[in-house]
Amino acid sequence: MQFDDIGMTFPDGTTALESVSFDVAPGEFVTLVGPSGCGKSTLLRIASGLENPTRGKCSIDRDSIGFVFQDSTLLPWRTVQRNVELFAELHGEDRAECERRATEVIDLVGLGEFTDKYPRQLSGGMKMRASLARSLVMKPRVFLFDEPFGALDEMTRERLNDELLAIFSRERFAGVFVTHSIAEAVYMSTKVLVMSARPGRIVESIDVHFAYPRSHELRYEPSFAALCGEVSAALRVVS
Amino acid sequence: MSRRESTVERRKPSDFLGPIVVFGLVIGAWYALSLAILPEAKRFLLPTPHRVVRDGFLVWSAGEQRGLKPILISLWDSVKIALIGLSLTVVLGMVLATVMATRRWVEKATWPYLVALQSAPILAMTPLIRALIDTVQVQRVLVVMLISFFPIVSNTLFGLLSVDRAQHDLFALQGASPLLRLRKLQFPAALPNIFVGLRISAGLSVIGAIVGDFYFRQGGVVGIGAQIDIYRQRLWGPELIASIVLASLFGLSVFTSFGLLRTAVIGKWHVITRE
Ligand SMILES: Nc1ncnc2c1ncn2[C@@H]1O[C@H](COP(=O)(O)OP(=O)(O)OP(=O)(O)O)[C@@H](O)[C@H]1O
Ligand SMILES: [Mg+2]
C-alpha cells in the first residue's frame, strides 16, 4: 500500500491533508497519531476509496480491504451471526459458505456464545469484536482501523489489542491504525507516524522494533516507556 | 441484562385501572348529559347508554334497518373498502417512496403535490371523482387512498433517507449495488418508520371509508358512513350511537393489529424508549 504525495482540500476550502507520503508493506502495522482534526480519518477514507484525494495518488489493492470504524456500525436488525455474514452475503456467497466463514471468525474473536444476540444486547467491547469479525470474514490483505477501541475502557482496550495482534500475527495483513493513545500506538505497531495539526503532514516516523508476538508485560519495560516518551515529545511539538 | 431483554412487559394494575376509570367517567358524563342537562323533549338526540345497548346492540333485526344486523352488514361493507384501499395505498405508497428515495428529481417533482393532496378537502373533489369513475365501489376505494396515502409515503421516504452515513460507507466499501443497498440496508433500516406510517395510514383508511360512504352510495347495501347518515336523518339515536361505537371499534382494532404486527416483525431489535 502506497501513499504518494496525498493532498486533500474539501469543496468548502478546508485543506485537511498536505503532501502525505508513506508505504505499508504486508506484515507491517503502521499507527497514525496526531492532533484532533489533522486528517487521520480523511487519510483512511482516501485509502479505502471512499474519498478521492485532490492531489497525489494512493495505490492499494481495493478488492481486499478491511475497514473498522470508530463506531461498530453493526446493523441493529441483524444478530451477531448475521452481521458477521454480511460481507460474504454482499459478495454473493451462498448461505452455507456465509455461515461457515462467519462461525470461524466469531470463534476467533470470542463471541461464540453471543451469535444470536442483537447489537443492542451487546456491550461496547463485544460490539467492536463483532465489527472486527465482520471485516475478517473477507480475509483482507489491507486493514484500516479508525480509532476502533477509542470508546472502550482501558482493560477492554488492552485485551482487544492483544487479540488483534494475535490475528495480525497469523494473517500478516498490512495494517494502518489510527489512535489517540500513545501506548496503544507503540504496543501495536511496527512504525508510528506522527502527523502535524491541520493541514496534516507526517512530521516524524518512529520505528518500533519489538518482535511479535508481544505480551502485555511489554507495556512495563523501560524501552517501551522510552518509545512512548519519544512519540509524546513529537506530538507536543506539533500541537 | 436478562431483565432488559424480556420483550413482554409485565402488566401492572395501573395498566388496566386507567382505561377503566376513564370508561366510568365517560359513561357517567353521558348519563349526566342525557338525563340532567338535555331537556326531556330533546333526549332523543342522546339516548342513555342502557337504551343504546338495548336497542342498538341487543336487538338483532327489527325490520326497516333497525337492530344490530343492518349495522354490522354496512360495517362489513366499509371494512372491505377500507382494507382494499389500504392495501393499494401501502403498495403504491411504498413503491413511490422507494422511487423518490433513489431518484432525487422524482422526489422534488412529486413532494409538493403530495403535501397539497394531504390537505385537499375530499368534499371539493367529489364532482371530479364522480365524473371520472362510474363505479361506486371504485369511487369509495379512491377516497380511502386519497386520505391515507400521505403518511405511508412520507414515513417510508424519511426512513429510507435517514440511514446512517457510516452504514452507507460500509456498503460502498463492499461495492454493493444500489439495489442491494436498498434491500439489505435502507429497507430494513426504514422498517420502524414504515410501521409508524402504516399505523397512521391504517387509521386514516377507516376514516376514508366512512367519508367515502357518505359521499358515494347507491341503492342496496350501503357503507357504515351512509348508514350513520340515514340514522341521523331519521333521528334514531340508539342505532346512530351503536354504529358510531362499532365504527370506532373497527378503527381501534386496525390500529392495534398494526401495533402487534410491528412488535412481531421488528420488536426483537427495535425498542421504543420512553423516558
Ligand atoms: N466532508 C468534509 N467537508 C469539509 N471538511 C471536512 C470534511 N471531512 C472532514 N473535514 C475537515 O477535515 C479535517 C480533518 O478531518 P478528519 O476527520 O480527517 O480529522 P481526524 O484527524 O480524524 O480527527 P479526529 O482525531 O478528531 O478523529 C477537519 O478539520 C474536518 O473539519
Ligand atoms: Mg477521526
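## Salt bridges across the model

The structure holds 26 salt bridges over all chains, a salt bridge being a side-chain nitrogen of Lys or Arg within 4 Å of a carboxyl oxygen of Asp or Glu. Keep in mind that this is a predicted model, where local features need pLDDT of at least 70, side-chain atom pairs count only at pLDDT 80 or more, and totals for chains, interfaces and linings use all residues. Residues are numbered from 1 along each chain as its sequence is written, chains are lettered from A and ligands numbered from 1 in the order in which they are written, and side-chain values use heavy atoms, with hydrogens and water left out.

Here's one salt bridge to look up: A:E85 pairs with A:R95, and their closest N and O atoms sit 2.7 Å apart. The two residues are 10 apart and link distant parts of the chain, with A:E85 in helix α2 of chain A and A:R95 in helix α3 (residues 95-108) of chain A. Helices (H or I, at least four residues) and strands (E, at least two) are DSSP runs, numbered from the N terminus.

## Where the two chains meet

How much area do chain A and chain B bury between them? It comes to about 2,200 Å², with 64% of it on carbon and sulfur atoms. Buried area here is the accessible area (1.4 Å probe) that two parts lose on being put together, summed over both. On chain A's side, A:W77, A:L90 and A:R120 supply 35% of the area that the chain buries against chain B, more than any other three residues. Counting by contact (heavy atoms within 4.5 Å), 23 residues come from chain A and 21 residues from chain B.

Two salt bridges run between chain A and chain B. B:K184 forms a salt bridge with A:E89, and the closest N and O atoms are 2.3 Å apart. On the side of chain A that touches chain B, α1 (40-48) and α2 (80-90) of chain A each supply at least two residues. The largest share, four residues, comes from α2(A). Sorted by type, the residues of that side are 13 nonpolar, four polar and six charged; Ala, Val, Leu, Ile, Met, Phe, Trp, Tyr, Cys and Pro count as nonpolar, Asp, Glu, Lys and Arg as charged, and the others, Gly among them, as polar.

## Chain B on its own

Chain B has 11 helices and zero strands. Its C-alpha trace spans about 75 × 55 × 30 Å along its principal axes.

Chain A has some cis peptide bonds to look for. One joins A:R198 and A:P199, with omega about -5°, and A:P199 is in the loop between β8 (191-195) and β9 (202-207) of chain A. The peptide bond from A:Y212 to A:P213 is also cis, with omega near -5°. You'll find A:P213 in the loop between β9 and α7 (222-238) of chain A.

Which residue other than glycine has a positive phi, near 55°? That's A:D5, and its place is in strand β1 (residues 2-9) of chain A.
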